[in-house]
Amino acid sequence: MSSSIPRTAAVSAVVAAALAAGLLAGSANAATEDTAANVRVHDIQGTTRVSPLAGKQVTGVTGVVTAVRTYGSRGFWIQDPEGDGNPATSEGLFVFTSSVPTVAVGDAVRLNGTVTEYVPGGLTSGNQSLTQISKPVITVLSKGNAVPAPVTIDADSVPDAYTPAGDPADGGSINNLELDPETYALDYYESLEGTNVRIGESRVVGATDPYAELWVTVKPEENANVRGGTVYGSYESQNTGRLQIQSLVPLAQQPFPKANVGDVLTGETEGPLDFNQFGGYTLTARTLGTVQDNGLEREVTEKQHKNELAVATYNVENLDPSDPQAKFDALAKAVVENLASPDILALEEIQDNNGAKNDGTVAADQTVKKFTDAIVAAGGPAYDWRSIDPQNGKDGGEPGGNIRQVFLFNPERVSFTDRAGGDATTATTVTGSKGRPALTSSPGRIDPANTAWESSRKPLAGEFVFRGRTVFVVANHFGSKGGDESIVSHHQPPNRSSEAKRLLQAQAVNAFVKDIVALDKQADVLVVGDINDFEFSGTTRALTDGGALLPAITSLPESERYSYVYQGNSQVLDQILTSFGVHHFEYDSVHINAEFADQDSDHDPQVLRFRP
């Protein structure tokens with residue numbers, strides 16, 4: 001399952017959200033019954049993110065229809081062909097009709113209505129608002145008029161700086177700051193809200209998703225990687241050239257093109273610049289370019305040598321027996337061919353035997369058997385496995401699914417040290433003597449009673465032996481980023497509320513690792529899994545506190561550090577961290593999913609090879 005901010009099943013779901021007229025955080029524009037007559041579009045848009053006329057009735061607003069949307073948030077865009085010359089004020093505006101609009105592109109219209117500030121996702125989302133006219137009364141003055149020439153968005157027009165800092169006196173909001181479109185990218189895009197814009201040939205940095213949208217960059221050199229993506233390498237590397245692309249043409253009339261990262265959207269793509277819940281500023285294309293397939297291939301990692309131990313982690317996205325056999329086969333093929341049959345494979349998001357059916361089932365033996373059988377059928381080893389069933393409904397994830405971590409291991413290459421006593425609520429701890437640490441139960445869960453793991457997956461610890469050497473592996477699936485504000489939030493920097501839980505989770509795992517290395521500084525410990533956080537995050541710093549662990553992905557060049565693509569940003573969520581005793585390792589983030597429109601999972605697996 002995606003570890004990003006949750007998304008509803010369709011864009012139309014946001015239409016039901018309340019219209020916020022002058023109720024934005026920090027807004028001084030209370031809704032009134034005042035009427036403003038004969039105002040222009042730029043008067044409505046103003047020079048900040050919130051209209052100076054929010055909540056007011058306006059009359060005599062004129063413009064030319066530049067685009068019509070007949071699905072989702074139905075309405076149309078108008079643009080004043082005669083601007084005011086102020087780069088901070090947009091000349092375009094969305095008109096929300098709720099029903100299918102009756103106007104056509106090229107109509108010159110005069111309308112009356114209410115100026116509202118619509119917050120996609122609702123006020124608590126932290127999203128910026130979309131200035132619009134609601135409840136319009138429309139008069140068509142003439143037809144067949146030329147659409148105002150588009151503004152070209154390109155590498156030269158988009159500033160390098162992403163955003164101004166929010167106003168501390170306004171709760172960290174940028175809503176009421178004067179726009180500076182020549183300095184800040186978010187201000188630049190806001191100054192074009194509703195305006196007819198175009199992009200030329202642009203590289204795809206986020207593959208086509210199930211909601212018929214993709215991401216491109218208009219800055220081809222910005223934090224680029226060799227596979228065509230744009231890397232999110234710090235909180236200050238938001239990548240200003242990213243832009244979401246949607247089509248205004250209904251899918252039944254024209255299917256949305258399928259594109260992978262590194263493909264190119266050729267020709268010209270033109271339409272109004274919208275703002276939505278799932279990505280912020282979006283070019284809603286009236287005219288859509290053509291995708292040039294550049295042939296991105298799925299990676300294959302190296303096979304481990306006979307005296308190397310290969311440890312991998314893979315989030316298999318809510319796998320349960322009701323999934324099509326094709327999903328099991330595709331995941332299994334990837335394990336064998338792309339991951340080269342690792343010796344130990346930690347899986348995340350293995351669901352119970354009946355998936356989302358919420359009837360108290362917690363066992364997952366049927367899920368695991370179906371997967372391991374598929375691996376054998378794909379030519380892979382007959383993996384053995386270990387796991388601990390969670391308490392019903394206590395570990396988060398899809399309701400009824402009871403996701404958990406599972407160890408697969410190749411018994412021809414590595415053995416598992418079983419010690420009884422591990423269950424959903426009993427903590428495994430570190431015992432043993434100097435130079436010989438051991439787990440009290442193996443497999444076992446780390447500190448399951450800790451409130452850090454409430455409604456979250458508890459870490460699974462196991463003790464393995466490879467060529468006579470003990471190796472400790474901890475499989476993790478930390479709390480998701482649900483509830484975090486997006487990087488286009490009106491709070492800058494955005495509120496990342498989910499980090500607090502992951503910080504506590506990281507501290508618990510770090511303390512456990514320290515207990516092992518306190519008995520043996522050269523102990524081989526690997527902390528693996530879907531950490532749900534970046535290599536530069538506070539979560540990762542907490543995991544590595546005191547030198548207990550090293551984030552192995554930092555051994556890669558910065559441009560290769562990613563396991564997930566979210567809103568056009570290639571970023572790290574999945575990690576393998578190593579103790580000091582793990583020497584001379586090779587690390588690989590195996591890109592087989594995140595960059596592709598066709599995915600077996602939304603995560604890329606990670607592999608580490610070393611000689612214990």
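Author: Helix 3 passes helix 4 in a right-handed crossing. Helices (H or I, at least four residues) and strands (E, at least two) are DSSP runs, numbered from the N terminus. This is a predicted model: local features need pLDDT of at least 70, side-chain atom pairs count only at pLDDT 80 or more, and totals for chains, interfaces and linings use all residues. Residues are numbered from 1 along each chain as its sequence is written, and side-chain values use heavy atoms, with hydrogens and water left out.

Back to the pair. Helix 3 covers residues 325-338 and helix 4 covers residues 365-377. Their axes lie 8 Å apart, at an angle of about 55°. Axes are lines fitted to C-alpha atoms, for helices over the stretch in contact, and angles run from 0 to 180 degrees between N-to-C directions. The two helices are therefore oblique to each other. Under 35 degrees counts as roughly parallel, over 145 as roughly antiparallel, 65 to 115 as roughly perpendicular, and the rest as oblique.

Which residues make the contact (heavy atoms within 4.5 Å)? Helix 3 supplies Gln 325, Phe 328, Asp 329, Leu 331, Ala 332, Val 335 and Val 336. Helix 4 supplies Thr 367, Lys 370, Phe 371, Ala 374 and Ile 375. Eight of these residues are nonpolar, two polar and two charged. Ala, Val, Leu, Ile, Met, Phe, Trp, Tyr, Cys and Pro count as nonpolar, Asp, Glu, Lys and Arg as charged, and the others, Gly among them, as polar.

Now the loops. Ser 341 sits between helix 3 and strand 18 (344-350). Its phi is near 50°, positive in a residue other than glycine. Ser 341 is buried, with a relative accessible area of 9%. Buried means under 20%, exposed over 50%, and partly exposed in between (1.4 Å probe, protein chains only). Asn 402 also has a positive phi, about 50°, and is not a glycine. Its loop runs between strand 19 (384-387) and strand 20 (404-409). Asn 402 is buried at 4%. Most residues other than glycine have a negative phi, and most peptide bonds are trans.

A cis peptide bond joins Ser 442 and Pro 443, with omega about 5°. Pro 443 lies between strand 23 (436-439) and strand 24 (444-445). Another cis bond links Gln 492 to Pro 493, with omega about 0°. Pro 493 is in the loop between strand 26 (469-477) and helix 5 (499-519).

How values were computed: Left-handed = near helix turned anticlockwise from the far one by under 90°. Contact = heavy atoms within 4.5 Å.
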